[in-house]
Amino acid sequence: MFRHKFQSDKPDPIAIAEAAMNDMSPTPIRKIVHVDMDAFYASVEQRDNPDLRGKPIAVGGSAARGVVAAASYEARAYGVHSAMPSVTAKRKCPDLIFVPPRFDVYKAVSQQIREIFAEYTPLIEPLSLDEAYLDVTENLKGMDIATEIALEIRAKIKALTGLNASAGISYNKFLAKMASDLNKPNGQAVITPKNGPGFVEALPVKKFHGVGPATAERMRKYGIETGLDLKSKSLAFLQEHFGKSGPYFYGIARAIDERQVKPNRIRKSVGAEDTFAEDIADLDLATAELKPLAEKVWRYCEAQGISGKTVTVKIKYSDFTQATRSRTSALPISGVPEIMEAATALLASVYPFRRLVRLLGVTLSSLTNNPGADGEEQPQFDLDL
């Protein structure tokens, strides 16, 4: 039932399934829509340059040290995907066309899309420029069927921007996110309370939102390869082996996710990173590369009126393995010198490097408001973990 393609001139078949949602429980059921733009950066480039349409393109740098930021569906057919080294992408697809990113354009289009969302609900939680959760349980249009809302939103996005969007509709954020992938590109799907548990049980955990490759591999070692395997593990087991994520995994294995859609989502960290033109072996050279990253992080913090207490340095080696080191201070960081002091010490703690260094990153987390004019620290943000 999840493979119905979007057709604007016909009734949406999955609306029939959603109509049953209101009859399945005596308590009101949330209606969450996850909207995800299809190959967003690449699609914008193809829209604006007709010569790129129908061709495999990658947004990003084509240099030896470049990384793919986004790939068109034509490129994905060759196995090209985001975060892939450009040299690997070119090897997989010799005809791949590299296009430099235009983030100012992507941000402008993203704002257009969010204005469409706002016509339907104030409960919008952006995850990035190209995706967001919407709670349409009580919406501004007075529409009862969330699939109809998703259809309208996608049609308006197409009319205004010329771009395709996919959507997932369900009774919680986790399942809405999973549903939005089911009929990509340019489609939508609904997962109802009735079929939610069965859907999760059959799903490989490596496809779960929130389970990355490293976590999936750890789960595999414990015999957890599907949602059903995950469901068989006790809460105590999951907390023991997966820490703070244990309760989340316990819930989603049962198709339960009580997280609310939170507008004005506060970011948990501010970071910057750089991939070098040549790998670095010398500590002094590597340390010098930290300063522009620290400056970039602090510029953002100053603009937003925030600071943080935890500095993290990320080191990616030439074999693509990586390490992170963190330090937390008692008071919020007050400027670039403090970030550099912590980052320099953290980097030195992993020297001699076990491999040549390919990339460095600096992140500031445990975010707070900057101290007020009276010198007293303002309350910490309530972060949605």
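Predicted model: local features only at pLDDT ≥ 70, side-chain atom pairs only at ≥ 80, totals over all residues.
Trainee: Are helices α2 and α5 roughly parallel or roughly perpendicular to each other?

Mentor: Helix α2 spans residues 40-48 and helix α5 residues 103-117, and their axes lie 10 Å apart at an angle of about 100°. Angles of 65 to 115 degrees count as roughly perpendicular. The two helices are therefore roughly perpendicular.

Trainee: Is His34 buried or exposed?

Mentor: His34 is located in strand β1, residues 32-37. Its contacts beyond four places in sequence include Leu127, Tyr133, Ala167 and Lys177. Buried means under 20% relative accessible area. His34 has a relative accessible area of 0%, so it is buried.

Trainee: With which side chain does the side chain of His34 make a polar contact?

Mentor: Among the residues that His34 touches are Glu131, Ser166 and Ser180. The polar contact, at 2.7 Å, joins the side chain of His34 to that of Glu131.

Trainee: What is the handedness of the crossing of α13 and α14?

Mentor: The axes of α13 (residues 283-304) and α14 (residues 336-348) come within 9 Å and cross at roughly 145°. Residues such as Leu290 and Trp298 in α13 meet residues such as Ile339 and Leu347 in α14. The contact comprises 12 nonpolar, two polar and two charged residues. The crossing is right-handed.

Terms used: Residues numbered from 1 in each chain as written. Heavy atoms only, no water. Axes fitted to C-alpha atoms, helices over the stretch in contact; angles between N-to-C directions. Helix = DSSP H or I, 4+ residues; strand = E, 2+ residues; numbered from the N terminus. Parallel < 35°, antiparallel > 145°, perpendicular 65-115°, else oblique. Buried < 20%, exposed > 50% of the residue type's maximum accessible area, 1.4 Å probe, protein only. Contact = heavy atoms within 4.5 Å. Polar contact = N/O pair within 3.5 Å; in protein donor to acceptor, adjacent residues only side chain to side chain. Left-handed = near helix turned anticlockwise from the far one by under 90°. Nonpolar A, V, L, I, M, F, W, Y, C, P; charged D, E, K, R; others polar.
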